[in-house]
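The entries below follow the order in which I went through them.

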Amino acid sequence: MVKAVKAAQGKIYEDNVLGKLPDAKYAALDAQYAKEQESLSGEIDELEKAITGYEQNRKSAEKFIALVDKYENYDNLTTTMLNEFVEKILVHERDRKGSIETTQEVEIYFNLVRRYIPPRFGEVNLTPEELETLRKKEEGKDREAHI
């Protein structure tokens, strides 16, 4: 496509030199073609980056699969295995400070595949009684946290 734009620019230049295309029209068309060529070059750069990223991700995934295959028949997790699989683990502050029963975000970054985001658990439908018990428990936690 870039070659076609360059060919068109060459054609309008020849037409301008031969007097077939007025200078004002040539300038407008030349600017339009230059803008289109710049846009296409940018798009090519973006696509090349995407392809490179895809290739790197594919290679990383293949290496990770090979690592999983290497350890698929082991019963115990060793420090060596853990170090080969896990890059880092980030443990965030608890949602409620001072509370024993609370949630806490933990991020696991695996070597070769980056951050692991576990699938969400299915929604749990609680009965009205269970909802009330949960609400009272949360209120108790709030009171304990403020004491």
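**Notebook: salt bridges**

I began with Glu62, which at 44% relative accessibility counts as partly exposed (buried is under 20% relative accessible area, exposed over 50%, and partly exposed in between, with a 1.4 Å probe and protein chains only). The model is predicted, so I kept in mind that local features need pLDDT of at least 70 and side-chain atom pairs count only at pLDDT 80 or more, while totals for chains, interfaces and linings use all residues. Residues are numbered from 1 along each chain as its sequence is written, and side-chain values use heavy atoms, with hydrogens and water left out.

I then looked up the partner of Glu62 and found a salt bridge with Arg58, the closest N and O atoms being 2.8 Å apart (a side-chain nitrogen of Lys or Arg within 4 Å of a carboxyl oxygen of Asp or Glu).

Next I checked Lys70 and Glu84, whose side chains meet in a salt bridge at 3.4 Å, N to O. Lys70 lies in helix α2 and Glu84 in helix α3 (residues 79–85), so this pair ties together parts that are 14 residues apart in sequence.

Last, I recorded Arg135 and Glu132, which form a salt bridge at 2.3 Å, N to O, and lie 3 residues apart in helix α4 (residues 128–146). My search of the whole structure gave 5 salt bridges.

Methods: Helix = DSSP H or I, 4+ residues; strand = E, 2+ residues; numbered from the N terminus.
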